There are 2 protein chains.
Amino acid sequence: MNYSNALIVKLGGSVITDKRKKFSIRRRTVERLAKELATSKVPLIVVHGGGSFGHPVASEYEINKGYKRKRQLIGFSLTHRAMEKLNSFIIDSLHKAGLPAIAFQPSACFTVVNGRIKSAMLEPLRKMLDLGLIPVLYGDAVPDLAKGMCILSGDQIVAFLARELGVKRVILGVDINGVYTSDPTSNKNARPIPVISPKNWRGVSCPQRGVMDVTGGIRSKVDELLALAEHGAEAEIINASRPGILKRAIAGEKGLGTRIVGDSL
Amino acid sequence: MNYSNALIVKLGGSVITDKRKKFSIRRRTVERLAKELATSKVPLIVVHGGGSFGHPVASEYEINKGYKRKRQLIGFSLTHRAMEKLNSFIIDSLHKAGLPAIAFQPSACFTVVNGRIKSAMLEPLRKMLDLGLIPVLYGDAVPDLAKGMCILSGDQIVAFLARELGVKRVILGVDINGVYTSDPTSNKNARPIPVISPKNWRGVSCPQRGVMDVTGGIRSKVDELLALAEHGAEAEIINASRPGILKRAIAGEKGLGTRIVGDSL
């Protein structure tokens, strides 16, 4: 089956959880987003971040620094358990909205080397899509063939799947109106950037940092998406914390946040 | 790494749950088994059955008959959710016993055709074992490349992993003293069979049936293990409901239940 019409939607950890407080889900937001996702007319893959679930545990046990101490083994397991708990709440919300969502564990299907996905067995995922199921992946603690263990970000999963499946459109929901020229919380002159391409991205000196994010924040997010844009898939970073924006993006509306495009576009 | 010294332990659904009552875990039994597993001196892989979690949901939606109706999609997802809930309780119990256990989702890593595993990406699992983690798999609703969907039994996973990893010893915990000559609940002359080989198994006409088991009960379990024995791995079916038996089997004691061996042994 061809997945070029499928849509990958990332739900950022700062949207679905309160990053300031460990293990706190934004229940009403997740339930609203589930309803917005249910308006999709095309096959969906959902990927979500770790927010106040995965990040604090992964950070405590230094999972992303690689395997050094035996104590990290239980930390690896607890990071995954935290993500599974967050995931199960999202799955339940999607079910309530009528969507046949199914968890899909990244640490069971991606081969990762030095923090980068090297390969994946995607037959089960493709078959789920063919059936009409909605796989829901997430940032996860994963075994790393080089450094033992690491954190695989939801953003890298999004970019990898879009490339491998030939998906042409990716929507990333965050809790602000896109990528800003500088940190909007400290600089009142900060403005959202409507379109980022490899050329103008080099000129942006100081984008906002993520709060409590072990996977690199906004810069690594944009870098993943720029590499993806070069492969012909367009991404848009939108404000999923504002009701209705995700629904409009799913319906095909563009220019709602920051579009990430290749230089050729 | 060589896994010939590793041990695969299957915890039967009838041991860890009460099969007569939907979604009922035998908490104290699971906690005891976790402590018994913690006595292992060799790398462990744990696989568990569905019991009163997976089976009733899978049966209601006829997952094992293949994909026929759209309604089965939510059933597929609910079957997996039920198994994930059971799995998370087992993981938490293993953590309490000090073991770095980690869930491993079968529907994300096995390619299945007509109910049989065709291939798997085992790099993540191997790397987890190398680190010292204890992967915990389970019977699961899985996409099937031929019939759309099916149930992959924990028993088939056990046999597949033992073969692929070169594991030489497999322990299957059930809630009776092994495989009986006939149904011990209805025939008081029924006796446990100490050793089953391909030759004497053909003579057993009427083994007991499993209660609420969508994966074929004891006959398919023995068939999986006999095929495995031909590959050089010995299995023993023991009574894990009786305290201490699993611990003794893990320590290397044989003859505690029914051994499944190849004809050459």
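Is A:E62 buried, partly exposed or exposed? At 29% relative accessibility, A:E62 counts as partly exposed. The bands are these: buried is under 20% relative accessible area, exposed is over 50%, and partly exposed lies in between, using a 1.4 Å probe and protein chains only.

This is a predicted model, in which local features need pLDDT of at least 70 and side-chain atom pairs count only at pLDDT 80 or more, while totals for chains, interfaces and linings use all residues. Residues are numbered from 1 along each chain as its sequence is written, chains are lettered from A and ligands numbered from 1 in the order in which they are written, and side-chain values use heavy atoms, with hydrogens and water left out.

Stay with A:E62. This residue sits in the loop between α3 (51-60) and α4 (71-96) of chain A. Helices (H or I, at least four residues) and strands (E, at least two) are DSSP runs, numbered from the N terminus. A:E62 is not a glycine, yet its phi is positive, about 50°. A:F23 is also not a glycine and has a positive phi, about 55°. Look for A:F23 in the loop between α1 (13-16) and α2 (27-37) of chain A. With 41% relative accessibility, A:F23 is partly exposed.

Now turn to the pair of chains. Two copies of a chain are related by a rotation about an axis and a shift along it.

How many residues meet across the interface? Chain B puts 40 residues in contact with 40 residues of chain A, where contact means heavy atoms within 4.5 Å. About 3,300 Å² is buried between the chains, 69% of it on carbon and sulfur atoms. That area is the accessible area (1.4 Å probe) that two parts lose on being put together, summed over both.

Charged pairs come next. Two salt bridges link chain B and chain A. Each needs a side-chain nitrogen of Lys or Arg within 4 Å of a carboxyl oxygen of Asp or Glu. One of them joins A:R81 to B:D92, with the closest N and O atoms 3.1 Å apart. On the side of chain B that touches chain A, α4(B) gives the largest share, twelve residues.

What of the cysteines? A disulfide is a covalent bond between the sulfur atoms of two cysteines. The cut-off here is a pair of cysteine sulfur atoms within 2.5 Å. By that rule there are zero disulfides over all chains. The sulfur of A:C109 has its closest cysteine sulfur in B:C109, but at 8.3 Å this is too far for a bond. A:C150 is in no disulfide either; its nearest cysteine sulfur, that of A:C109, is 13 Å away. A:C109 is buried, at 1% relative accessibility. A:C150 is buried too, at 0%.

End at helix α4 of chain B, where B:K96 is placed. B:K96 is exposed, with a relative accessible area of 65%. B:K96 and B:K35 are 61 residues apart in sequence and 8.7 Å apart in space, C-alpha to C-alpha.
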